[in-house]
Amino acid sequence: MARRKKIYEGKAKILYEGPEPGTLVQYFKDDGGAISTPKPGQAIEGKGVLNNRLSEFFMSGLNAIGVPTHFIRRLNMREQLVRMAEIIPIQVVVRNFAAGPISERLGIAEGTPLPRPIVEFYYKDEKLGDPMVAEEHIIAFGWAGQQDLDDMVALALRVNDFLSGVMMGVGIRLADFRIEIGRIWEGDFMRLIIADEISPDSCRLWDMRAAERAEGQPAIDPGPLADVYTELARRLGVLPTNVTHTPKPTLIN
Ligand code: ADP
Ligand code: MG
């Protein structure tokens with residue numbers, strides 16, 4: 001069998017040429033965690049399998065409510081077929097609760113609810129450390145136009161409402177997340193779609209069940225989810241049955 005062509009290998013995923021023009025196969029690796037993971041950059045066994053399922057779950061849910069995404073279908077445990085897009089080199093971050101950089105820069109205590117969802121832009125350039133940029137930079141440097149930006153914000157806010165609701169349904173608070181957006185052409189028309197992935201690598205998730213359990217005791221703030229990939233997949237009902245984190249064979253009684 002002919003080897004398929006590798007197009008790009010990043011920290012968390014590999015992109016291969018897809019079976020039809022305009023498609024790609026996205027392979028999810030175990031490396032390259034971010035935001036939610038305790039030790040960024042460390043491989044976590046089975047993470048890729050779970051992120052493949054989780055991204056499928058969120059992206060197909062978004063497709064179903066009319067928010068266009070690159071997701072076409074899952075191919076196997078670690079791969080999904082997606083539409084090839086021209087990625088806009090801007091990561092769009094939406095924040096609902098203060099955490100991480102916004103807490104540090106502006107001195108807002110972690111966990112503080114923000115008065116409204118705050119949308120931020122970061123220029124996708126690893127060497128520069130993905131610096132935060134303003135709309136002015138994006139337009140001046142031609143990374144996207146004003147219309148694109150308006151559409152990107154609208155898309156990001158729809159994703160925020162959808163994701164926040166889905167997470168809330170399983171006792172999880174979506175503090176913040178980031179997405180990548182790409183362009184696709186349909187004839188002469190250009191459309192923006194949600195690309196890349198939606199998974200614990202790109203979402204900051206807090207467990208609200210910890211807080212619920214504290215009834216009659218001093219209130220506990222929602223905290224990080226332990227084993228966030230497995231726990232999220234379990235609560236959403238997409239945990240594949242044959243994936244286990246058990247390092248050694250287990251005796252079954
Ligand atoms: P990185 O280390 O650059 O974050 P990843 O390991 O996340 O890379 O690999 C995914 C790469 O594929 C990213 O650079 C992302 O912009 C790109 N990508 C994601 N979805 C699409 C798509 N539908 N079309 C084209 N490129 C995509
Ligand atoms: Mg990435």
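Which residue is the bridge partner of K6 in strand 2? Some notes on that and on the rest of the structure follow.

1. Ground rules. This is a predicted model, in which local features need pLDDT of at least 70, side-chain atom pairs count only at pLDDT 80 or more, and totals for chains, interfaces and linings use all residues. Residues are numbered from 1 along each chain as its sequence is written, chains are lettered from A and ligands numbered from 1 in the order in which they are written, and side-chain values use heavy atoms, with hydrogens and water left out.

2. The opening hairpin. The partner of K6 is Y16, in strand 2. Strand 1 (residues 6–9) and strand 2 (residues 13–17) are antiparallel and pair over three bridges, and a hairpin of three residues links the two. On terms: helices (H or I, at least four residues) and strands (E, at least two) are DSSP runs, numbered from the N terminus. Two strands count as paired if DSSP finds at least two bridges between them.

3. Polar contacts to ligand 1. Two of them involve the backbone: a polar backbone atom of K11 sits 2.8 Å from an oxygen atom of the ligand, and one of A12 sits 2.7 Å from an oxygen atom of the ligand. From a side chain, H70 places a polar atom 2.9 Å from a nitrogen atom of ligand 1. On its own ligand 1 has 560 Å² of accessible area, and the protein covers 89% of that. A polar contact is a pair of N or O atoms within 3.5 Å; within protein, one must be able to donate a hydrogen and the other to accept it, and residues adjacent in sequence count only if both atoms are side-chain atoms. Accessible areas come from the Shrake-Rupley method with a 1.4 Å probe; for residues, only the protein chains shown count as cover.

4. Strand 6 and its two neighbours. Strand 6 (residues 86–97) is largely enclosed by the rest of the structure, because nine of its twelve residues are buried. Buried means under 20% relative accessible area, exposed over 50%, and partly exposed in between (1.4 Å probe, protein chains only). Strand 6 runs antiparallel to strand 9 (residues 172–186), with seven bridges, and antiparallel to strand 7 (residues 113–123), also with seven bridges. V92 is a handy landmark: it faces I179 in strand 9 and F121 in strand 7.

5. Helix 1. Is helix 1 largely enclosed or exposed? Largely enclosed by the rest of the structure, since 13 of its 18 residues are buried. Its length checks out too: helix 1 (residues 47–64) should span 26 Å at 1.5 Å a residue, and its end C-alpha atoms are 25 Å apart, which agrees. The expected span is 1.5 Å times one less than the number of residues. Just after helix 1 comes G66, with a positive phi of about 90 degrees.

6. Helix 4. This one has 24 residues (146–169) and reaches 35 Å from its first C-alpha to its last, close to the 34 Å expected. Its buried residues include L149, M152, L155, A156, V159 and L163. An α-helix has 3.6 residues a turn, so residues three or four places apart point the same way. After helix 4 comes G171, with a positive phi near 75 degrees.

7. Two aspartates to look at. D130 has a positive phi of about 45 degrees although it is not a glycine; D130 sits in the loop between strand 7 and strand 8 (132–133) and is partly exposed at 25% relative accessibility. D227 likewise has a positive phi of about 45 degrees without being a glycine. D227 lies in the loop between strand 12 (223–224) and helix 6 (228–236), and is partly exposed at 43%.
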